[in-house]
Amino acid sequence: WRGREGAPYSTLVPSDEVTINYRHGLPVITLTLPTRSERCRFTVKPMVTTVGAFLQDVQREDKGIERAEVFATDGSKVSDATLMEVLLMNDFKLVINNTAYSVSPPVKDKLSSEHATEMEDIKSLVHRLFVALHLEDHQIRKERELLQKLDHLKEELLPLEQMKARITDSADAKTSRLLWVGLALMSTQGGALAWLTWWVYSWDIMEPVTYFITYGSAMAFYAYFVLTKQDYIYPDAKDRQFLHYFYQKSKKQHFNVERYNKLKEDLAEAEESLRRLRQPLHLRLPIQEINDKD
């Protein structure tokens, strides 16, 4: 018998070391704890207890257990999410540390068809009751997990937010300077044309000049459309130039924009999940208690 990685276990113990008996309709698993060297009984609820919960109970009982797993007879590992009811239908192997125990569950008496249907209805009812009774605990645990996730995301975002604020201020200042430079150039051009028209030349000479300046401006705006696939609208052009400066500055300061956007999306998703979880109809708590938590 070998484990998942192909390494043989040091000991393969016969099935009588781990016994399973039914008492009051519940299976009782008895095994010897390796560190304490004493027999211990574990009563499981097969309809609600999972393999992972059973293994955790065994490890909690004996702190010297470093490894506890369950394998099928063909060597495949049994998932921790498997219900004990499913596990106890067939033989399996219980591995504790380096010792593999061969376990053969007792065969339960076959029930009549009518009795079996009644038992299935009872099992379904018990399962629904268990879920209903533990729903609030599950939601509270989920709330704690979301709060921890929010704290972790905010902690990661804090230095990125500070760096982004500095880059934004720098890009906004450069964009504003560019706008003022453009205004200064247009004012200079207008003043130069007026000076040439009234003091140096006449309108007959300057009219063709202004025509070609206007035509050249139209060509420049068309070239802008060809390159950017956008009309030259002042607010859009300002935003485009701002983004150019922002990404240029981000690259110089090694600001990961994609990482920042991903964290912001995760934060928004976690906040939305927490908001939906804290709704009184979902949490089944009074509105006053919800407000106190906020």
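Modeller: Just after helix H5, His254 takes a positive phi of about 60°. H5 itself covers residues 234-252; helices here are DSSP runs of H or I with at least four residues, strands are runs of E with at least two, and both are numbered from the N terminus. The model is predicted, so to speak of local features requires pLDDT of at least 70 and side-chain atom pairs count only at pLDDT 80 or more, while totals for chains, interfaces and linings use all residues. Residues are numbered from 1 along each chain as its sequence is written, and side-chain values use heavy atoms, with hydrogens and water left out.

H5 has 19 residues and reaches 27 Å from its first C-alpha to its last, close to the expected 27 Å; the expected span is 1.5 Å times one less than the number of residues. Within H5, Ala237, Phe242, Tyr245, Phe246 and Ser250 are buried. Buried means under 20% relative accessible area, exposed over 50%, and partly exposed in between, with a 1.4 Å probe and protein chains only. An α-helix has 3.6 residues a turn, so residues three or four places apart point the same way.

For comparison, Trp199 lies in helix H3 and counts as exposed, at 64% relative accessibility. Thr30, found in strand S3 (residues 26-33), is buried, with a relative accessible area of 11%. Leaving aside neighbours within four places in sequence, Thr30 is in contact (heavy atoms within 4.5 Å) with Glu17, Val18, Thr19, Arg39, Cys40 and Arg41.
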